[in-house]
Amino acid sequence: MSSMPSAPGIDAIADAAPLSLCAREPHVPADRLVAEMVPPPRFDSVRFSTYIPDPNQPSQTEAVRVLEGFAAGLGGAHAVGGGKRGFLGLGRPRAPKAPAGPRGVYLDGGYGVGKTHLLASLWHATPAEPALKAFGTFVELTNLVGALGFQKTVQTLSGHRLLCIDEFELDDPGDTVLVSTLLGKLVEAGVALAATSNTLPGKLGEGRFAAADFLREIQGLSARFRTLRIDGEDYRHRGLPEAPAPYAEEQVTQAAHATAGASLDDFPRLLGHLARVHPSRYGALTDGLRAVCLTGVEPVPDQSTALRLVVLADRLYDREVPVVASGLAFDRLFSEEMLNGGYRKKYFRAISRLTALARDGARLVATD
């Protein structure tokens, strides 16, 4: 087998077979789920100082100011005395009631206005050791409850100074009630909260669309949150070139063989494999990958499959894994019925993130 030409940004390797996501079946222990509740690699180095507000959107500058003050106010001893805790928080004294008044902030805004950047910056700026701060998506938090059980999750997180929840989901009543109850227990223990969710494209002119839903769903906790509206356009498309069109299958295969640490999978087969791996393991599924190459991308056949793909897209985006694909363009993955249905926020987010990763993947494709 001859060596394939490499494009700029590729680590050329000859005669090396790509990895396969379909060959991976990771098993993730519960303690890893807890230890990984930190900002994802994409947001390791973000800070308030690296957030660039749009000069035409004063709400972005105001959000930075408020969040910096919120972080500074979380200094000092925790209600239960602070200090390191063992896993699951066993042996700690009972926490007194938290002080009255807002103990949370909710970032309300559309796709790509930098809410996750700001949420991660809040985590970094809060004056507490990493073991006393937790950061995760709504889905990751529900997965943690599933792995540990409700009471153990309360014990594990109640000694924290801050819990950040990215992409709070408002479309599953059961999970929303579960997390709302959990947050109530944590607020009683003195934990400060911060959360984001998404306002639909086209809804930004209608006021606090997502905020109203969020405050209604968390019910008795609504008075604990200050809402910060963040207006603006999706930065992933602000001044950037259009996403590359899908490549020929031969180009995708070549990129996979020429890139160290790349995976190569048939898209329909990968969707089938995702059904056999719990979404809490999708992060581990992508461990060590430097690129994901997909052939034969086609419309997602049903909603269950689509929701699993959304989680995978989130994990790839968190880890900054570029994507190279043949077949259908990513903005045609989901049917009109899906994009107009109850999970539309998730699907729009997935399209936005996969498009960004496709741009990143362009450097891996050899061009004549």
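## Largest cavity

The largest cavity has a volume of about 70 Å³. A cavity is a set of points on a 1 Å grid over the protein atoms alone where a 1.4 Å probe fits but cannot get out. The volume is the space filled by probe spheres set on the points, joined across faces, edges and corners. The whole structure holds 3 cavities of 30 Å³ or more.

Lining residues (an atom within 4 Å of a point) include Phe267, Leu294, Leu309 and Leu354. By class, the lining has 10 nonpolar, no polar and no charged residues. α11 gives the largest share, 4 residues.

## Basis

This is a predicted model: local features need pLDDT of at least 70, side-chain atom pairs pLDDT 80 or more, while totals for chains, interfaces and linings use all residues. Numbering runs from 1 along each chain as its sequence is written, and side-chain values use heavy atoms, without hydrogens or water.

## Nonpolar core

The largest nonpolar core has 38 residues. Such a core joins buried Ala, Val, Leu, Ile, Met, Phe, Trp, Tyr and Cys residues through side-chain atoms within 4.5 Å. Val292, Leu294 and Phe334 are among those with the most contacts inside it. α11 supplies the largest share of this core, 8 residues.

## Leu107

Leu107 lies in strand β1, residues 104–109 (strands are DSSP E runs of at least two residues, helices H or I runs of at least four). Leu228 is 121 residues away in sequence, yet 5.0 Å away C-alpha to C-alpha.

How values were computed. Buried means under 20% relative accessible area, exposed over 50%, partly exposed in between (1.4 Å probe, protein chains only). On a 1 Å grid over the protein atoms alone, a cavity is a set of points where a 1.4 Å probe fits but cannot get out, and a pocket is an open set with protein on both sides within 12 Å along at least five of seven lines; lining residues have an atom within 4 Å of a point. Ala, Val, Leu, Ile, Met, Phe, Trp, Tyr, Cys and Pro count as nonpolar, Asp, Glu, Lys and Arg as charged, and the others, Gly among them, as polar.
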